Amino acid sequence: MTGTPTKDSISAQLAALPGLPMKELWALWDAHFPRRPAHTNRHYVESRLAYRLQVQTYGPLPAGVRRYLVERGALFSKIQQAGRGTECHLMPGTVLVREWDEREYRVTVTAEGLYELEGQRFKSLSAAARHITGTQWSGPKFFGLKAGKGGQR
């Protein structure tokens, strides 16, 4: 499809997703995402593709709406956080700076939700912290996003 998608064409694309063979879903996925997901069930792939297609056509949800939805979801969720605090969500483009062994490290949050350090991408902040230190760390603590003795070591 060429040009800017119209409301009619995006509706047709979304309606076609459930009928596409998995091979075609994966081709569409590869065209819109840098890597394949850990979750490979059809429903997950369809829902993520549908969201991505809509964001490309209409733009992302405004920050206030996203925040409201997260709050409503947490308020009415039957899933309880067991011993863990709320997860830290960083906006793409955020740069985290940390000095370690007299060297400064800069980790950038990518548009895909990955963490880039010196050209290498990591799935989590903890993986980036482990790469820097060579030992197991809580990434949010290492980068000072969570209180704890590990935040400023």
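## Nonpolar cores

A nonpolar core is a set of buried Ala, Val, Leu, Ile, Met, Phe, Trp, Tyr and Cys residues joined through side-chain atoms within 4.5 Å. In this predicted model, the largest such core has 16 residues. Those with the most contacts inside this core are Trp100, Val107, Leu117, Leu125, Ile132, Phe142 and Phe143. Two or more residues of the core come from each of the elements β1 (95-100), β2 (103-109), β3 (115-117) and α5 (125-133). The greatest contribution is that of α5, which gives five residues.

As a general background, nonpolar side chains in soluble globular proteins tend to be buried together.

## Aromatic pairs

The count of aromatic pairs comes to six. In the pair formed by Trp26 and Trp29, the ring centres are 6.1 Å apart and the planes stand at 70°. Planes over 60 degrees apart count as edge-to-face, so the pair of Trp26 and Trp29 is edge-to-face.

Both of these residues, Trp26 and Trp29, are buried. They belong to helix α2 (residues 22-32), and because they are three residues apart in this helix, about one helical turn separates them.

One aromatic cluster is formed by Trp100, Trp137, Phe142 and Phe143. Trp100, Phe142 and Phe143 are also listed among the residues with the most contacts inside the largest nonpolar core.

Technical notes:
Residues are numbered from 1 along each chain as its sequence is written. This is a predicted model: local features need pLDDT of at least 70, side-chain atom pairs count only at pLDDT 80 or more; totals for chains, interfaces and linings use all residues. Side-chain values use heavy atoms; hydrogens and water are left out. Rings of Phe, Tyr and Trp (its six-membered ring) pair if their centres lie within 6.5 Å; planes under 30 degrees apart count as stacked, over 60 as edge-to-face and the rest as tilted. Helices (H or I, at least four residues) and strands (E, at least two) are DSSP runs, numbered from the N terminus. Buried means under 20% relative accessible area, exposed over 50%, partly exposed in between (1.4 Å probe, protein chains only).
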